[in-house]
Amino acid sequence: MQWMGNLLRRYGDTSEALDYFKFALRIKQTRLGSDDIDVANILFNTAVLLDDLEKYDLSLIAYKEACRIRKLVLGEDNPEVADTLFCMGNVATVVERHEEALGYFKESIDIRETLVKGDDHYTEELDDSLLFIANPSSLHPDTLFQYQKLIHCFEEALPLTKLIVGTNHSDVCELLNRMGVVYTKLHDWDNAIGSFQGALRVKRTVAPADGDDIEVAVLLQKKGEAHLYKQEFSRSEDYV
């Protein structure tokens with residue numbers, strides 16, 4: 001039944017597809033129980049379909065139940081849990097439940113960061129060799145995919161954070177700093193430099209009297225390293 005629902009959705013018959021998903025859900029719940037991973041997958045697909053129909057309140061309910069089951073069966077730090085939370089954040093944003101949306105994005109970010117830490121052997125320290133500068137370490141494709149998803153979470157969380165707490169807030173500074181680190185992992189030097197520069201601006205605005213503190217120094221070093229990776233050597237000298 002679920003495959004038929006997916007087929008109908010693909011061809012644009014969303015209302016009939018929803019009926020098939022509902023029927024498939026009842027069968028799975030009866031045969032497998034309410035906490036089976038197959039039930040979670042049907043709920044997730046149903047939520048996506050409800051998004052298409054702009055039934056966002058119902059969609060969010062389905063995502064939440066799918067998320068609960070996925071956490072129960074797969075564990076808290078699982079990519080599918082992070083995916084579900086990201087979708088929940090998108091839906092909550094659409095219906096302007098901004099603080100709720102930000103909570104979902106932050107939880108998704110925390111999971112993604114946990115996932116990449118275990119797989120990422122990318123050095124945190126700048127290598128002194130020119131060879132490393134010219135050819136920075138590459139990421140494993142699976143880790144790269146997780147970093148790309150992570151940056152999408154940050155890009156959704158940042159404007160919500162600015163909306164809720166204001167542009168010049170320590171939370172914004174923290175997010176920009178973490179985004180800069182992720183952009184560096186992705187070898188996206190321009191966005192890394194822009195993120196670190198944004199974090200510096202906020203930091204100096206929030207605490208101008210502490211303009212020379214250790215946090216500013218660290219941000220300056222990270223920005224300088226990004227210029228160095230980009231082989232903008234004259235600019236890197238101002239920061240590193």
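**Ground rules.** I am working with a predicted model, where local features need pLDDT of at least 70, side-chain atom pairs count only at pLDDT 80 or more, and totals for chains, interfaces and linings use all residues. Residues are numbered from 1 along each chain as its sequence is written, and side-chain values use heavy atoms, with hydrogens and water left out.

**Entry 1: the cores.** I began with nonpolar cores, meaning sets of buried Ala, Val, Leu, Ile, Met, Phe, Trp, Tyr and Cys residues joined through side-chain atoms within 4.5 Å. For burial I used relative accessible area: under 20% is buried, over 50% is exposed, and partly exposed lies in between (1.4 Å probe, protein chains only). The largest core holds 56 residues, and Y63, L85, M88 and F154 have the most contacts inside it.

I then picked L85 and asked which residues it is in contact with, leaving aside neighbours within four places in sequence. Counting heavy atoms within 4.5 Å as contact, I found C67, Y104, E107, S108 and I111. There is also a second, separate core of five residues, L18, F21, L49 and L50 among them.

**Entry 2: salt bridges.** My rule here was a side-chain nitrogen of Lys or Arg within 4 Å of a carboxyl oxygen of Asp or Glu. That gave me 15 salt bridges.

**Entry 3: a pair within one helix.** R68 and E65 form a salt bridge at 2.7 Å, N to O. Helices here are DSSP runs (H or I, at least four residues), numbered from the N terminus. Both residues sit in helix 4 (residues 56-74), three residues apart, so about one helical turn separates them. I noted R68 as partly exposed at 35% relative accessible area, and E65 as partly exposed at 28%.

**Entry 4: D83 and its two partners.** How far apart are N and O in the salt bridge of R112 and D83? I read 2.3 Å for this pair. R112 belongs to helix 6 (residues 98-119) and D83 to helix 5 (residues 79-94), so the bridge ties together parts 29 residues apart in sequence. Is R112 buried or exposed? R112 is buried, at 2% relative accessible area, while D83 is partly exposed at 22%.

D83 also forms a salt bridge with K149, with the closest N and O atoms 2.9 Å apart. K149 lies in helix 8 (residues 141-165), 66 residues from D83, and the pair links distant parts of the chain. I logged K149 as partly exposed, at 23%.

Methods. Helices (H or I, at least four residues) and strands (E, at least two) are DSSP runs, numbered from the N terminus.
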